[in-house]
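Please look at the sequence and the 3D structure together. The paragraphs that follow start at the ligand and then move to other parts of the chain.

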Amino acid sequence: MKLTTAGESHGKGLIAILEGLPAGLALDVREMDAYLALRQSGYGRGARQKIESDRAEILSGVRDGVTLGSPLAIAVWNRDYENWKAYMAPEGCDTSARQLTKVRPGHADLTGLKKFGGSDARNILERASARESAVRVAAGTVCRALLRELGVEVCGYVRSVGDVCDETAYTFEELALRRPELFMMDDAKQRAAIEYIDACHAAGDTCGGVAEVRVRGLKSGFGSCMTYAEKLDARLAAALMSVQAVKGVEIGLGFGAAARRGSDVHDEIFYDEGRGFYRMTNRAGGIEGGMSNGEELVLRAAMKPIPTLMRGLATVDCATHAACRAAAERSDVCAILAFEVIAESAVCTELAAAVLERLGSDNMDALLRRYEELPQ
Ligand code: EPS
């Protein structure tokens, strides 16, 4: 299965095409819309989200709510296009207006211009923008539905915002209690995080954070130790890294494993007639040798602060080469909740691809039968 997306932040809309989905998967477009609404929510979001009210429209690949096995195309239309079509219309528009030349440190603006040419970073930022993630969430919801049929659930929460971090270990069931404002688990931590975001806002600044994604119910053996490209940890890390603004990914203990002894890192193996093989710990985060080992997957990704700062960082105008402050019209102060939703979607999509590669993708009945036959 392969996901491709298209679309600019202020263009007509965003498109996702999922190729290689099995026939016979029931989909509910309301679930896509619910995740799209979640992606738009969260404390610290900017003015664009007041303009948009994202909805998924399925264009192909589904009949009467059930997949056909043909490419599934989804559109999320940009309401803001009405305000931008004079500068963005593919049929012809005024490209001399709304130029961005005061390139933003940390954004794709300058490096993109060097690569793709020109001096108007609008041509770069429109695609580099995290707006694209809306349609990835819609596609991820399709993959989530597929995984759910197999008994695989994906959830997550926000572990940190700026320097406010919740180190508590939560069970998968507890994640249902994540708080709506920031998807943090602990009230006091979330209040501190909101204060942190407010302080950033007041200073014309931005902040990032860490989201943790967990996967429950995935059987062992997905991914492979035989070729590096098939390693499940490598694939999931790439999927998370492909989300805008991600600067780090950890699985299980992650970077923490390097400072511990082996006896304090590896999950010892036990056996009992009833349970079969089992472990008392899951420091590996559910992946050993590049393969799922039947335990919960535990993935963490760090999002850097959004590079559009209202106070504008020092930069150079790439049209005049004069020193200036970077461009800022509007910006999110913190989009960590949105990122958590996107990270779950990216994990769903990559896992669905790994499952279908191993088990085939003709139809859901065959897929379910093959999954059923696998060992835990
Ligand atoms: C986004 C919409 C964008 C940004 C954000 C993501 O809206 P606009 O550019 O019109 O203000 O808020 O994009 C970025 C973080 C970025 O770096 O470009 C959205 O819908 O998520």
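How far from an oxygen atom of the ligand does a polar side-chain atom of His107 lie? In this predicted model, the distance between a polar side-chain atom of His107 and an oxygen atom of the ligand is 2.8 Å. Taken alone, the ligand exposes 470 Å², and 88% of that is buried by the protein.

His107 belongs to a group of residues that surround the ligand; the others are His10, Arg39, Arg45, Arg48, Gln49, Ser129, Ala130, Arg131, Arg330 and Asp332. By residue class, this shell divides into six charged, four polar and one nonpolar. The ligand takes up the space of the largest pocket.

Two further side chains of the shell can be followed to ligand oxygen atoms. For His10, a polar side-chain atom is placed 2.6 Å from an oxygen atom of the ligand. For Arg39, an N or O atom of the side chain is 2.7 Å from an oxygen atom of the ligand.

Arg48 is part of helix H2, which covers residues 48–51. Is Arg48 buried or exposed? Arg48 counts as buried because its relative accessible area is 8%, under the 20% cut-off.

Next, consider the backbone. Most residues other than glycine have a negative phi. Arg98 has a positive phi, near 55°, and is not a glycine. The place of Arg98 is the loop that runs between helix H3 (81–88) and helix H4 (109–116). With a relative accessible area of 30%, Arg98 is partly exposed.

Ala245 is another residue other than glycine with a positive phi, here near 80°. Ala245 sits in the loop that joins helix H8 (232–241) and strand E10 (246–251). Its relative accessibility of 22% makes Ala245 partly exposed, since the buried class holds values under 20%.

Helix H8 also contains Leu232. Leu232 is buried, and its relative accessible area is 0%. Which distance separates the C-alpha atoms of Leu232 and Glu350 in space? The two C-alpha atoms are 8.9 Å apart, while in sequence Leu232 and Glu350 are 118 residues apart.

A second pair to trace is Val152 and Cys348. These two are 196 residues apart along the chain, and their C-alpha atoms are separated by 9.6 Å. Val152 lies in the loop that links helix H6 (133–149) to strand E7 (153–161). Val152 counts as buried because its relative accessibility is 3%, again under 20%.

The last pair is Tyr196 and Val341. Along the chain they are 145 residues apart, and 21 Å separates their C-alpha atoms. Tyr196 is located in helix H7, residues 187–202. At 28% relative accessibility, Tyr196 is partly exposed.

To return to the ligand: His10, Arg39 and Arg48 are among the residues that surround it.

Technical notes. Residues are numbered from 1 along each chain as its sequence is written. This is a predicted model: local features need pLDDT of at least 70, side-chain atom pairs count only at pLDDT 80 or more; totals for chains, interfaces and linings use all residues. Side-chain values use heavy atoms; hydrogens and water are left out. A residue is near a molecule or strand if one of its heavy atoms lies within 4 Å of it. A polar contact is a pair of N or O atoms within 3.5 Å; within protein, one must be able to donate a hydrogen and the other to accept it, and residues adjacent in sequence count only if both atoms are side-chain atoms. Accessible areas come from the Shrake-Rupley method with a 1.4 Å probe; for residues, only the protein chains shown count as cover. On a 1 Å grid over the protein atoms alone, a cavity is a set of points where a 1.4 Å probe fits but cannot get out, and a pocket is an open set with protein on both sides within 12 Å along at least five of seven lines; lining residues have an atom within 4 Å of a point. A molecule sits in a cavity or pocket if more than half of its atoms lie within 2 Å of its grid points. Ala, Val, Leu, Ile, Met, Phe, Trp, Tyr, Cys and Pro count as nonpolar, Asp, Glu, Lys and Arg as charged, and the others, Gly among them, as polar. Helices (H or I, at least four residues) and strands (E, at least two) are DSSP runs, numbered from the N terminus. Buried means under 20% relative accessible area, exposed over 50%, partly exposed in between (1.4 Å probe, protein chains only).
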